[in-house]
Amino acid sequence: MLKSSDLFHLSFYKKSPYTGSMEGMRFYIEKVQENETDLFRVWIFPGPFCFAKTKDDLKQSRTFPFAEESLVQITDWLNAQYTKRSTFWNQQKSIR
């Protein structure tokens, strides 16, 4: 399982998105702006391909306020999404 300390601080996301994976579940975290408000958009998707090469219908996303406190919420959401579908995600790590 992920820990909030596994994610970077806000200054990182101001410059670059972050990609990672957890047992077949890949994720992509980026800073976006909606209605002049900065937000985190967090995507989850199955491997084996990268975000850009994965079909959009296989991706799921959620937004969070762009704040340091949101990193705990993002971690909790990612862990919950993994737990809900752990069998599916584990199957993805064996697909190459």
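I count two residues as in contact when heavy atoms lie within 4.5 Å.

**Confidence check**

I am working from a predicted model, so I looked at pLDDT before anything else. The mean for the protein is 93, and 96% of its residues reach 70 or more. Going element by element, I found the highest mean in β4, at 98, and the lowest in α3, at 86.

**P46**

I found P46 in strand β3. Is P46 buried or exposed? P46 counts as buried because its relative accessibility is 5%, and the cut-off for buried is under 20%. Then I listed what P46 touches, leaving aside neighbours within four places in sequence: G24, T54, L58, F88, W89 and Q92. I also checked P46 against E69. These two are 23 residues apart in sequence, and their C-alpha atoms are 27 Å apart in space.

**Helix α2**

Next I went to α2, which covers residues 70-84 and has 15 residues. I get 21 Å from its first C-alpha to its last, close to the 21 Å expected at 1.5 Å a residue. Which residues of α2 are buried? My list reads S70, L71, I74, T75, W77, L78, N79, Q81 and Y82. I jotted down the helix rule beside it: an α-helix has 3.6 residues a turn, so residues three or four places apart point the same way.

What covers the buried residues of α2? The cover includes the helices α1 (10-15) and α3 (86-92). It also includes the strands β1 (18-22), β2 (25-34), β3 (37-46) and β4 (60-65).

**Q81**

Q81 counts as buried because its relative accessibility is 6%. Not counting residues up to four places away in sequence, Q81 touches M25, I44, Q60 and W89. W89 was already in my notes as a contact of P46.

**β1 and β2**

I looked at how these two strands pair. They run antiparallel, and 5 bridges join them.

**Salt bridges**

How many salt bridges does a search of the whole structure find? It finds 3, and I went through them by pair.

- D38 and K31 meet through their side chains at 3.7 Å, N to O. I have D38 as partly exposed, at 30% relative accessible area, and K31 as partly exposed too, at 32%.
- R41 and E34 meet at 2.3 Å, N to O. E34 is partly exposed, at 31% relative accessibility.
- K59 and D56 have their closest N and O atoms 3.2 Å apart. Here K59 is buried, with a relative accessible area of 14%, whereas D56 counts as exposed at 61%.

Why does K59 count as buried? Its relative accessible area is 14%, and buried means under 20%. D56 counts as exposed because 61% is over the 50% cut-off.

Definitions and conventions: Residues are numbered from 1 along each chain as its sequence is written. This is a predicted model: local features need pLDDT of at least 70, side-chain atom pairs count only at pLDDT 80 or more; totals for chains, interfaces and linings use all residues. Side-chain values use heavy atoms; hydrogens and water are left out. Helices (H or I, at least four residues) and strands (E, at least two) are DSSP runs, numbered from the N terminus. The expected span of a helix is 1.5 Å times one less than its number of residues. Buried means under 20% relative accessible area, exposed over 50%, partly exposed in between (1.4 Å probe, protein chains only). Two strands pair if DSSP finds at least two bridges between them. A salt bridge is a side-chain nitrogen of Lys or Arg within 4 Å of a carboxyl oxygen of Asp or Glu. pLDDT is the predictor's confidence in each residue, from 0 to 100.
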